Amino acid sequence: MNALRRLGVTALAFLALCGASCSRAPYAPNVALTYSAPAAAYQMRTGKDPQRLYTRAIAENGGRIVPIAQTRTAEQVALLLEGVDGILLPGGIDVDPKFYGEGRHEKLEKTDADLDRHEIALLDWAAARALPVFGVCRGHQ
């Protein structure tokens, strides 16, 4: 619960940033949350949300989650992103160093180039619209 509280404080600050781009009243920002293909498959198979700490922290602080699964097509993602006020990129596996011009290191763990491309496209989308992005661990990288 302590980790959720810390995430909640950060989520509240992030939602305040999202408010700058939210024109709806009453204010309830829509936050895109990415799901890797394995996370989306797990949720489909079990009905349990693998991102529940993130979704709970955002919901408890007044936001609404818009799930953006890696498995969605570009057209589906574009539709889901309409009306989004910010993007939350969660923690996860390592980012492939080829995306930032480096070679693989011996301590590099599992990577997923498709997930990297998906999240980089979301970052580009947010940057083009000057929307806030909240990156946690992998998402911060």
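The following legends accompany an overall view and close-up views of a predicted model.

**Figure 1. Overall organisation of the predicted protein model.** The protein comprises 5 helices and 4 strands. Read from the N terminus, these elements follow the order α-β-α-α-β-α-β-α-β. Of the 141 residues in the protein, 40% count as buried. The accessible surface amounts to about 8300 Å², and carbon and sulfur atoms contribute 56% of it. Among contacts in the protein with a separation of 6 or more, 67% are made by residues 24 or more positions apart.

Figure 2. The side chain of Asp96 reaches the backbone nitrogen of Lys98 at a distance of 3.0 Å. When residues up to four places away in sequence are left aside, Asp96 touches Arg104, Thr111 and Asp116.

**Figure 3. Nonpolar surface patch formed by Ile120, Leu123 and Val133.** Together, Ile120, Leu123 and Val133 present about 190 Å² of accessible area in this patch on the surface. Ile120 is placed in helix 5, which spans residues 113-128. Ile120 has a relative accessibility of 32% and therefore counts as partly exposed, a class that lies between the buried limit of under 20% and the exposed limit of over 50%.

Technical notes:
Residues are numbered from 1 along each chain as its sequence is written. This is a predicted model: local features need pLDDT of at least 70, side-chain atom pairs count only at pLDDT 80 or more; totals for chains, interfaces and linings use all residues. Side-chain values use heavy atoms; hydrogens and water are left out. Patches are made of residues with over 30% relative accessible area and no salt bridge: like charges are joined within 9 Å, nonpolar side chains (Val, Leu, Ile, Met, Phe, Trp, Tyr) within 5 Å. Accessible areas come from the Shrake-Rupley method with a 1.4 Å probe; for residues, only the protein chains shown count as cover. A salt bridge is a side-chain nitrogen of Lys or Arg within 4 Å of a carboxyl oxygen of Asp or Glu. Helices (H or I, at least four residues) and strands (E, at least two) are DSSP runs, numbered from the N terminus. Buried means under 20% relative accessible area, exposed over 50%, partly exposed in between (1.4 Å probe, protein chains only). A polar contact is a pair of N or O atoms within 3.5 Å; within protein, one must be able to donate a hydrogen and the other to accept it, and residues adjacent in sequence count only if both atoms are side-chain atoms. Contact means heavy atoms within 4.5 Å.
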